[in-house]
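User: I have a model open and want to learn how to read it. Where do I begin?

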Amino acid sequence: MELALNVAIFMPTELTAEYNSRMSRWNSEGLRLDQLSWALSRPDIVREYRKLDKCMLCMRPGVNAAGLCDICLAIISPEMRDLAEKWLRGIGP
Ligand SMILES: [Zn+2]
């Protein structure tokens with residue numbers, strides 16, 4: 001993720017360390033499918049991807065309130081879609 005790398009370069013050391021520890025958990029390549037239900041339970045993560053406007057799974061721009069694009073929303077399991085729909089309805093995790 002080119003933008004993220006540029007941001008990290010200009011951040012003070014403490015912030016960069018904080019950033020790196022966050023990014024090691026929030027994979028810049030997008031989350032694995034098996035991490036999605038965990039991510040949907042974490043408002044900080046969902047908000048981060050919404051702010052980036054990148055899908056949590058495929059990093060495609062243009063995400064809904066759950067931090068997912070329409071395509072990923074369509075392919076995830078019904079259990080995960082239930083979690084995502086709570087975000088879409090504004091309920092949250
Ligand atoms: Zn997606």
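**Reading the model, step by step**

Analyst: Begin with confidence. This is a predicted model. Its mean pLDDT is 81, and 70% of the residues reach 70 or more.

User: Which elements have the lowest and the highest mean pLDDT?

Analyst: Helix α1 (residues 2-10) has the lowest, at 48. Helix α6 (residues 78-88) has the highest, at 96.

User: Over which residues does pLDDT stay under 50?

Analyst: Residues 5-9 are one such stretch. The model gives them two contacts beyond four places in sequence. Residues 21-27 are also below 50, with four contacts beyond near neighbours in sequence.

User: Next, the fold. How many helices and strands are there?

Analyst: The protein has six helices and zero strands. From the N terminus, the order is α-α-α-α-α-α. For contacts, look at separation in sequence. Of those between residues at least 6 apart, 35% join residues at least 24 apart.

User: How do I read the interior?

Analyst: In soluble globular proteins, nonpolar side chains tend to be buried together. Here, buried residues make up 20% of the 93 residues. The largest nonpolar core has 17 residues.

User: Which residues have the most contacts inside this core, and which elements give two or more residues to it?

Analyst: The residues are Leu36, Ala39, Leu40, Cys55, Met56, Leu57 and Leu68. The elements are α3 (36-40), α4 (43-52) and α6.

User: Take Leu40. What does Leu40 touch, leaving out residues up to four places away in sequence?

Analyst: Leu40 touches Val46, Ala66, Met80, Leu83, Ala84, Trp87 and Pro93.

Definitions and conventions: Residues numbered from 1 in each chain as written. Predicted model: local features only at pLDDT ≥ 70, side-chain atom pairs only at ≥ 80, totals over all residues. pLDDT = per-residue confidence, 0-100. Helix = DSSP H or I, 4+ residues; strand = E, 2+ residues; numbered from the N terminus. Contact = placed C-beta atoms within 7 Å. Core = buried A, V, L, I, M, F, W, Y, C linked by C-beta atoms within 7 Å. Buried ≥ 20, exposed ≤ 12 C-beta atoms within 10 Å, placed from the backbone.
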